[in-house]
Amino acid sequence: MIEGIFVEGLAYGIMVLGVFITFRILDFPDLTVDGSFPLGAAVMASAITAGWNPLIALGIAFLSGWAAGTVTALIHNKLKVPNLLAGILTMTMLWSINIRVLGNRANLPLIRQSHMLTWVRGIAEGIMSPSMAVLLFFVVVTIAIKLLIDLFFLTDLGMTLGALGNNEQMVTNQGVNVEIIKIIGVSLSNGLVAVSGAMIAQYQGFADVNLGQGIIIAGLASVMIGEFLMRSNRIWVLTTRVLLGSILYRALMYLGRYYGYYINLTPSDLKLITGLLIIVSLIITQLRKERSHFEREEAASEKKNI
Amino acid sequence: MIELQKVTKVFNPGTPNENVAVRNLSLNIDSGDFITVIGSNGSGKTTLFNLIGGSYQPTRGSIFAHNKDVTREPEYKRSCYIGRIFQDPLLGTAGNMSLEHNMMICTYKGMKSLKKNLNAKRRAYFRERLSDLNMGLEDRLKDNVGLLSGGQRQALTLLMMALSEPELILLDEHTAALDPHNAEMVLNLTTRFVNEYNLTTVMITHNMHQALQYGNRLIMMDKGEIILNVSGEEKKKLTVNGLIERFRKIRHQDIDNDELLLS
């Protein structure tokens, strides 16, 4: 069961990394995620069922998410639609597309199919327990993705993307087309989200069109929980923080699911709890900000008195 | 080098809020010029900058750079050869990024690649340039720019812009939001960089003394028009009282802006 928390935390962690890129780095609240997550799952499940190599299927899932992000960014850029609305538009359209991808049905089981996790379990047979093998697999995959993202944000393009959410004017003044940077950022984010969806589909053994419901809020809650853990301006710390936040969030949800009945919680209450978690995080951040502001003023007035 | 031909900018045309911010304005900026621009609030100074910089497109008229029509060229493309500094010190740098990352982003103009150009050699170069500012910033490469003071941020913006050696720089009251000490420091730095890097400069200022003290040309704007354009010896001889007198002669009224007179 403790493996389960870590596996979920890491597998959903790939999605949280994507949410982190749009919400925190780009300052582009992107709701496409609720559609691109099940899109990744649907593409993966359909491709595997059709007998494709799971690695190629994963690549296609990433590209499908990338395309979904591009659509959102283009709607936002070209039609001057607010980013929230652009995301909702794509997300809504994706619901229909996902059902098409799944073959005109709402879900597709993967029980008898061979996919990445059945490989992993097969290789590990006799060496370690299947659940340990799956955990090890996700540790390797998620950390590899995290390191790639760290590397990306140290390149010139990555740095520019990092500056965009902070200061769009500055990026424009460097002769960079802000619209293209936004497309790259939102697409990359949704690509990651789709990969996460593909992983979850294999882990859970099915793809469902409603897999993405509320996923953006779960991602945001994970990002916020992570932000309480440490402060830094180094990208590798920030992404580590994101993954830790994701694991902690899954642990909290796990507690709610398994021990919640002591206080009459049902699984359907978890969304409410997630929402409250975000609100509490926001309140604490606000209080911290006010306090540090107050302290700074206090210090400034003391300086004057001297 | 940059030429504006009969440029007009109308905001909200055809509505009750219609406002002609710049009216039939023509201006030639030559290489090596240092032009100071004065004028009261609403006289169209900032709109003029936005037109040159490409944030706005003119309603009528054309803009040329090196005899090439750039009227419809988007802002980001024009930024490759025009550098801008705004009144707000926060606009020139990304506050939640480190100094070295800010400097790296500003090293090359134009679209960025997937290369990792920030290395030890580059850091040493940044450190060397930062030590020119005499602010101790060379030891704070990894610090977030948000931790710096307004004056330090504006000085950094100035340095980063100078290093990219644009053909023209537009300074929009870039010292107005700073305290007197920092304002003087940034202004000294400005003249130093303008000379060192031989930058063609247009500077908006609210301060008549400054406008007279700096540069080789002076432009006075009122109601979207250039009403005075002096250069060379004529500018050198001009005094604050002379300026007020010239305004009265042209407009048949007194300058009604205390800010211009008192500063």
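**A proline in a loop, and what lies beyond**

Modeller: A:Pro29 sits in the loop between helix H1 (2-26) and helix H2 (33-49) of chain A; helices here are DSSP runs of H or I with at least four residues, strands are runs of E with at least two, and both are numbered from the N terminus. Keep in mind that this is a predicted model, where local features need pLDDT of at least 70 and side-chain atom pairs count only at pLDDT 80 or more, while totals for chains, interfaces and linings use all residues. Residues are numbered from 1 along each chain as its sequence is written, and chains are lettered from A and ligands numbered from 1 in the order in which they are written.

Back to the proline. A:Ile247 is 218 residues away along the chain, and its C-alpha lies 22 Å from that of A:Pro29.

From H6(A), the contact uses A:Thr142, A:Lys146, A:Ile149 and A:Asp150, and H11(A) answers with A:Ile235, A:Trp236, A:Thr239 and A:Leu243. Sorted by class, that makes 4 nonpolar, 2 polar and 2 charged residues (Ala, Val, Leu, Ile, Met, Phe, Trp, Tyr, Cys and Pro count as nonpolar, Asp, Glu, Lys and Arg as charged, and the others, Gly among them, as polar).

Also in chain A, helix H9 (residues 178-204) has 23 of its 27 residues buried, so it is largely enclosed by the rest of the structure. Just after H9(A), A:Gly205 takes a positive phi of about 85°.

Now over to the other chain: 20 residues of chain A are in contact with 29 residues of chain B. On the chain B side, the elements giving two or more residues are helix H2 (75-78) and helix H3 (99-105). By class, that side has 11 nonpolar, 11 polar and 7 charged residues.

Chain B also has an open, antiparallel sheet of 4 strands in the order E2-E1-E4-E5; strands pair if DSSP finds at least two bridges between them. Its edge strands are E2 (19-29) and E5 (68-69). Strand E1 (residues 2-11) has 5 bridges to strand E4 (residues 60-65) and 7 to E2(B). B:Leu4 stands opposite B:Ile63 in E4(B) and opposite B:Leu27 in E2(B).

Another open sheet in chain B has 6 strands, ordered E6-E7-E8-E3-E9-E10, with mixed pairing. Strand E6 (82-85) and strand E10 (225-231) each have a single partner strand, so one side of each has no neighbour in the sheet. E6(B) pairs in the parallel sense with strand E7 (residues 168-172) over 4 bridges, and B:Ile82 has B:Leu168 as its bridge partner there.

Technical notes:
Two residues are in contact if their C-beta atoms, placed from the backbone, lie within 7 Å. A residue is buried if 20 or more other C-beta atoms lie within 10 Å of its own, exposed if 12 or fewer, and partly exposed in between; C-beta atoms are placed from the backbone.
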